[in-house]
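Thanks for coming. I will go through one structure today, beginning with the ligand and then moving to the sheet and helices. Please look at the sequence and the model first.

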Amino acid sequence: MEEISANTQHRRWESGISRRIFLGTALGSGAAILAGGSSVIFSTASNAATDAGADSMFKLGGDLAVKRLGFGAMRITGEGIWGWPPDRDEARKVLRRAVDLGVNLIDTADAYGPETSELLIAEALHPYPKGLVIATKGGLTRPGPGQWIPNGRPEYLTQCVEKSLKRLGLERIDLYQLHRVDPKVPMEESLGAIKKMQDAGKIRHVGLSEVGPEEIARARKVLPIVSVQNQYNINNRKWEKALVYCEKEGLGFMPWSPVGGGRSLKSAALEAAAKSHGATVYQIAIAWLLARSPVMLPIPGTSSVAHVEENVAAGAIKLTPAEMKTFESAS
Ligand SMILES: NC(=O)c1ccc[n+]([C@@H]2O[C@H](COP(=O)([O-])OP(=O)(O)OC[C@H]3O[C@@H](n4cnc5c(N)ncnc54)[C@H](OP(=O)(O)O)[C@@H]3O)[C@@H](O)[C@H]2O)c1
């Protein structure tokens, strides 16, 4: 599914990334991780993250430890990310299985369903196990199935935070993300409202979604930002510069659509790697993300217990330097 990007200006800016710069950055990063070495761009990030793989940890905001391979709870809702799923019990099983398998970062939003994703999380997992981080979002409204409209007005966001707290059964949200920068509202006003909720103890850390480096830097003048959630996967790297910014500044980068968002991720390189590791292309796509950057926090989403098991198992796959190189040249 495609959520609306409120910032076409940054899209235009991102589409201007030269292939040469992109390849240099990506190859350098991958090589540094695979060699267990360091590079200038990891100087801050390496303080927050350890090693590649599903069990490697990242500290959001320097103090909130999450396993880098998380779970996205958008697909546990109904068709068009609308309403309840056809099998509510299966949705609860998916959530519990993810946690049983060691996932401790679950991404959701008030807009998923709307409301049903957060409600299902509470139904399945409350009281929450120690260390489980639920990252939710506000700032996109849902007039109907498949429709997503930004609303960044301060009074609206304040009420979104209160309602998410209630639905999730929490006193404080560990990570609250502004789902979209609303082009009709200055970002400072939207984030100002979120900052007030943070100052009131209702939010621990704050993240952004679908933003480039300039917007992240602007937001950081209002309040500390610990993560960025942008569309990114092995076949779609338009937000490469945002990833590089996050690496340099030690912010978590949560790629949405990590396994293609329901669209096929087919390529000869993916299929060859899948064959050689006895894995699926979905697993290779996840393994590639984990190897791509120590700040990468993939949140693959699924409505199926079998797929959550498959996706978590991908954390054990170690791609070779030659495979990483092939993926860069194929991109
Ligand atoms: N910030 C934003 O604007 C934004 C936008 C979209 C999503 N998100 C977040 O990012 C998360 C992931 O994004 P996404 O759901 O769009 O993309 P995704 O995780 O790349 O793809 C999910 C789709 O892939 C399928 N799938 C997952 N694992 C599979 C496997 N092992 N084998 C076969 N099919 C598999 C799922 O179908 P099945 O259900 O059949 O497994 C589902 O249709 C969401 O849950 C949400 O938390 C954020």
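**Ligand, sheet and helices**

Of the 27 residues around the ligand, the ones that come nearest are Gly72, Met74, Trp256, Gly301 and Thr302; a residue is near a molecule if its C-beta atom, placed from the backbone, lies within 6 Å of it. This is a predicted model: local features need pLDDT of at least 70, side-chain atom pairs count only at pLDDT 80 or more, and totals for chains, interfaces and linings use all residues. Residues are numbered from 1 along each chain as its sequence is written.

The shell around the ligand has 9 nonpolar, 13 polar and 5 charged residues. Here Ala, Val, Leu, Ile, Met, Phe, Trp, Tyr, Cys and Pro count as nonpolar, Asp, Glu, Lys and Arg as charged, and the others, Gly among them, as polar. Helix α12 (residues 305-313) gives the largest share of the shell, 3 residues. Helices (H or I, at least four residues) and strands (E, at least two) are DSSP runs, numbered from the N terminus.

Now the sheet. In what order do the 7 strands of the open sheet run? The order is β3-β4-β5-β8-β9-β10-β11, with parallel pairing; two strands pair if DSSP finds at least two bridges between them. The edge strands, β3 (71-72) and β11 (252-256), each pair on one side only.

Last, two helices. Helix α5 (residues 116-125) packs with helix α6 (residues 154-168) at an angle of about 35°, their axes 8 Å apart. Axes are lines fitted to C-alpha atoms, for helices over the stretch in contact, and angles run from 0 to 180 degrees between N-to-C directions. The residues of this contact divide into 4 nonpolar, 1 polar and 2 charged.
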